[in-house]
Amino acid sequence: MKKTHRGKLSASIAVSLIGGLALVGLVFIEDLRIVTGISIIKLNASRLHGIYNSTMILRRGGQRKTLEERMNDEDAKVMFDPKWCSVTDGKWVFNESKHLPYDDTTCPYIDKQVSCGRNGRPDKEYLYWEWKLDNCTLPRFDAKSMLEKIRGKRMMFVGDSLQRAQWASIACLVHSVIPASERYMRNDNGVSVFTAMEYNATIEFYWAPFLIESNTDGQIIADPNRRILHVDAIANHAQHWVGVDILVFETYIWWMSGQTIKSVWGSFANGEEGFEELDSTVAFKIGLKTWANWIDSALDPNKTKIFFTTISPTHMRSTDWNHNENIRCFNETKPVLRKGYRGTGTDQRMMDIVSSVVTRMKTPVTFLNVTQLSEHRIDGHVSIYTESQGKVLTDEQKADPEQYVDCIHWCLPGVPDTWNQLLYAYL
């Protein structure tokens, strides 16, 4: 047997090691390419060195920054990329110099229900918090840029009053940059339509609190026990969604009115009299599958972009954030700043159902994940600065928060503006 000289063997091993390290280095640098969008092949040594330093986020002098320092260093963060940036990993930061593009006296599209300033809310701090991502820079909402993104298009928000607030928010955000002669609002067959004439663009809202059909779609039935859902019917709503370029759907809170929901399916002579009491989660899953099946069968994903706004949390138990003496969200003026805070105002079962249904769809659906960032905002609800039966709460009613406090809806301006900042970033 021919012996191999140790020197040659060592050299062979060295070559292999060097080659392996080079491959690892190339893979590592190409991972940086995913983060930065720049390939190693197109970089010279000096540019690569600069990107390495900015990506690794080192202190001057070569010392690695702590996790907290990295999260606070806005200059070191990369620009938002929806493929890998997490919108749930972040924190609320107070910015007293934050520019407010509108308020509830300058924007005419805000419902009295969420017009907290005009309804007498005295504090303003809740307006100046910004959601900062840990590892990415979330772009600020740019009204003119947003209008360019939807030039020649129809954008429609579909859902309940929470979704209507998101629609009003985005209409208000672009309102001020459009001359009065170039914009108008109309109600077209039950659809609220904001039109930006110069851009040939519309921002629309369609009321469908369950997405599928129900007996409370037209005239709202306040008593949940009298509501009946047609869990396999959607055509009456969906006819309004055909031809829309960007659809933003949302549904949740109306499903949470009780443990069971009266539901019917199929077409029978006895109509709604043949209802069944279904567990709310079962009815929700059937209804959401009906919506998903329609999307997959009726829309062309090359022509229509679909978004789904995740659960907007409620804040009904002040014990969740250790304010045991408070009445729900009443008198809260600051967010919960504890990292990753999660209260009891979101139903994990419903979130899991949405995830399971959407991930099985053939049509791409982008989640607008507002749940975690909104969890912290116990201060952002309308509280007692709202209306009841069409009238702003009286001083006597405001003095009775146990009965009148609203910890479901959000003030405008307010948290829904951040939801639309996410939407802008995804678009």
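Guide: One definition to begin with: strands are DSSP runs of at least two residues, labelled E and numbered from the N terminus. On that basis, Asn 200 sits in the loop between E7 and strand E8 (201-207). Bear in mind that this is a predicted model.

Visitor: What is phi of Asn 200 near?
Guide: Phi of Asn 200 is near 50°, which is a positive value in a residue other than glycine.

Visitor: Is Asn 200 buried or exposed?
Guide: Asn 200 counts as exposed because its relative accessibility is 60%, and the cut-off for exposed is over 50%.

Visitor: And where is Asn 189?
Guide: Asn 189 is in the loop between strand E6 (183-188) and strand E7 (191-196). Its phi is near 55°, again positive in a residue other than glycine. With 62% relative accessibility, Asn 189 counts as exposed.

Visitor: Switching to peptide bonds: which one is cis?
Guide: The bond from Leu 412 to Pro 413 is cis, with omega near -5°. Pro 413 belongs to the loop between strand E19 (406-410) and helix H12 (415-426).

Visitor: Now helix H5. How many residues does it have?
Guide: H5 has 15 residues, 161-175. From first C-alpha to last it reaches 20 Å, close to the 21 Å expected at 1.5 Å a residue.

Visitor: Why is H5 called largely enclosed?
Guide: Because 14 of its 15 residues are buried, H5 is largely enclosed by the rest of the structure.

Visitor: What caps the N-terminal end?
Guide: Asp 160 caps that end of H5, with a side-chain oxygen 3.0 Å from the backbone nitrogen of Leu 162.

Notes
Residues are numbered from 1 along each chain as its sequence is written. This is a predicted model: local features need pLDDT of at least 70, side-chain atom pairs count only at pLDDT 80 or more; totals for chains, interfaces and linings use all residues. Side-chain values use heavy atoms; hydrogens and water are left out. Helices (H or I, at least four residues) and strands (E, at least two) are DSSP runs, numbered from the N terminus. The expected span of a helix is 1.5 Å times one less than its number of residues. Buried means under 20% relative accessible area, exposed over 50%, partly exposed in between (1.4 Å probe, protein chains only). A polar contact is a pair of N or O atoms within 3.5 Å; within protein, one must be able to donate a hydrogen and the other to accept it, and residues adjacent in sequence count only if both atoms are side-chain atoms.
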